[in-house]
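Reader: I am new to this structure. Can you walk me through the terms used for it, step by step?

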Amino acid sequence: MTFSKLVFTPLSYTGWGSLAQLLPEVKKYTAKRILVVTDPVLNDIGIVDRVSIPLKEAGYSVDIYTDIQPEPPLAIGERLVNYTKENAFDLVIGLGGGSALDLAKLTAVLSVHEGSVSDYLNLSGSRQITDKGLPKILIPTTAGTGSEVTNISVLSLESTKDVVTHDYLLADAAIVDPELTVSVPAKVTAATGVDALTHAIEAYVSINASPTTDGLALQAIRLISRSIRRAVSDGEDREARIDMSNGSYIAGLAFFNAGVAGVHALAYPLGGQFHIAHGDSNAVLLPYVMGYIRKSCTKRMGDILNALGGNSQFLSEEEASYECVRMLERLVQDVGIPSTLGGFEIPANALESLTEDGLKQKRLLARSPLPLHEDDIRAIYQSAFKGEIVESSPTTIQHP
């Protein structure tokens with residue numbers, strides 16, 4: 001007998017204008033001094049004011065912390081945790097993309113623990129998280145990472161990435177307001193949107209998938225695929241922004257419970273070695289990984305095809321799975337993301353080091369429906385470099 005353990009964020013507010021729920025939510029706590037961890041760009045364009053001013057007017061002391069950057073290195077996390085330890089904060093608010101939310105979760109928990117952040121890393125740490133830490137409210141301003149509903153904080157190391165993960169990193173509340181995403185530039189909208197799509201797709205083919213996560217994943221794929229092109233071309237498209245935020249949130253619930261796998265495992269070294277944005281790393285690899293593992297999840301790829309807006313009705317399972325890969329290729333190209341590693345100026349001589357670091361991501365690789373060993377990982381990187389989708393056979397997928 002098999003069973004699934006499903007975990008969901010205790011409380012979430014979603015929908016246009018849901019930021020109005022922030023102050024009532026903060027009032028539930030006995031907080032006096034609040035730390036807002038946010039992107040410096042959001043501070044410059046006034047998004048942070050929409051959070052900080054109502055809190056200050058209500059009598060709270062608010063500190064704005066902006067010493068963060070995309071794909072945050074371990075040193076950034078260490079500095080933030082030390083800053084939080086040195087100050088008497090009662091509540092942490094994360095406002096921004098995945099980096100800001102991940103760091104907010106990290107500091108809320110580890111600021112009440114001994115040792116350094118590195119002591120708690122998944123691959124190399126030796127200490128265990130034992131305390132829930134400070135209350136935390138997470139407010140995404142991009143539609144992509146799903147960080148507001150997961151228990152993971154991702155940090156960049158010298159050549160790859162690692163995570164701190166524990167259920168204590170889950171938000172006490174998440175506020176997902178699509179209105180906050182309207183100012184996101186097209187390039188970021190594209191990268192974060194494909195990131196969310198990847199979350200849903202990998203959750204659907206994960207060996208840990210369940211009927212519950214399947215429903216979430218497919219709905220997320222439908223919402224994102226029907227709206228991402230519009231959101232990229234017209235950031236003011238309200239309905240597209242709503243779809244993208246809802247899709248990202250639902251995809252986050254799906255992959256938090258079912259997990260992601262090969263795409264993310266191989267994307268981490270791209271971010272670690274070449275500082276490519278996480279969404280771009282996932283996007284460039286998505287068709288190649290799915291093409292490579294196609295035979296291990298043929299029927300499910302037909303389901304994904306239909307959720308993407310295709311039609312498998314008159315296709316065999318084999319034909320539908322091929323068409324699914326082609327649709328993923330077209331989507332990535334349509335939103336302006338390079339379709340090969342060369343498009344990100346990654347040289348051929350980096351493929352071996354990428355393979356070595358990808359192989360280390362055993363936590364992620366373990367969820368793949370097709371076991372990915374060293375030769376498989378190397379083959380995927382090579383195919384992404386050449387721009388030729390191959391299968392584990394290997395056989396090149398021919399384009400019509």
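Reader: Why does Ala258 count as buried?

Author: This is a predicted model, and every value here is computed from it. Buried means under 20% relative accessible area. Ala258 has 1% relative accessibility, so it counts as buried.

Reader: Where is Ala258 found, and what is it in contact with?

Author: Ala258 is found in helix H8, residues 238-258. Contact means heavy atoms within 4.5 Å. Leaving aside neighbours within four places in sequence, Ala258 is in contact with Ala203, Ser206, Asn208, Ala209, Thr213 and Arg367.

Reader: How many Å separate the C-alpha atoms of Ala258 and Ser18?

Author: They are separated by 27 Å. Along the chain, Ala258 and Ser18 are 240 residues apart.

Reader: What is the strand order of the open sheet?

Author: The order is S1-S8-S5-S4-S2-S3, with 6 strands and parallel pairing.

Reader: What makes S1 and S3 edge strands?

Author: Strand S1 (12-14) and strand S3 (61-65) each have a single partner strand, so one side of each is left without a neighbour in the sheet. Neighbouring strands of this sheet are turned by 15° against each other on average, direction ignored.

Reader: How do you know that strand S2 and strand S4 are joined?

Author: Two strands pair if there are at least two bridges between them. Strand S2 (residues 33-38) and strand S4 (residues 91-96) have 5 bridges and run parallel. Leu35 stands opposite Val92 in S4.

Reader: How many bridges join S4 to S5, and how many join S5 to strand S8?

Author: S4 and S5 are joined by 5 bridges and run parallel. In S5, Leu138 is the bridge partner of Gly94. S5 and strand S8 (residues 173-176) are joined by 2 bridges, and these strands also run parallel. With a cut-off of at least two bridges, the 2 bridges between S5 and S8 count as pairing. In S8, Ala173 is the bridge partner of Ile137.

Reader: Why is S5 called largely enclosed?

Author: 5 of the 5 residues of S5 are buried, so the rest of the structure largely encloses this strand. Both faces are covered. Lys136, Leu138 and Pro140 are buried on one side, Ile137 and Ile139 on the other.

Reader: How does the chain cross from S4 to S5?

Author: The chain passes through H5, and this β-α-β crossover is right-handed. Helix H5 (residues 98-110) lies across S2, S4 and strand S5 (136-140). Helix H5 runs at about 170° to S4.

Reader: Which residues touch the most other members in the largest nonpolar core?

Author: They are Val194, Ile221, Leu270, Leu285, Leu341 and Tyr381, in a core of 83 residues. The largest share, 10 residues, comes from helix H7 (residues 211-233). In soluble globular proteins, nonpolar side chains tend to be buried together.

Reader: What is Val194 in contact with?

Author: Leaving aside neighbours within four places in sequence, Val194 is in contact with Ile228, Ala283, Leu286, Leu331, Val332, Val335 and Ile337.

Definitions and conventions
Residues numbered from 1 in each chain as written. Predicted model: local features only at pLDDT ≥ 70, side-chain atom pairs only at ≥ 80, totals over all residues. Heavy atoms only, no water. Helix = DSSP H or I, 4+ residues; strand = E, 2+ residues; numbered from the N terminus. Buried < 20%, exposed > 50% of the residue type's maximum accessible area, 1.4 Å probe, protein only. Axes fitted to C-alpha atoms, helices over the stretch in contact; angles between N-to-C directions. Right-handed = clockwise from strand over helix to strand, strands pointing away. Core = buried A, V, L, I, M, F, W, Y, C linked by side-chain atoms within 4.5 Å.
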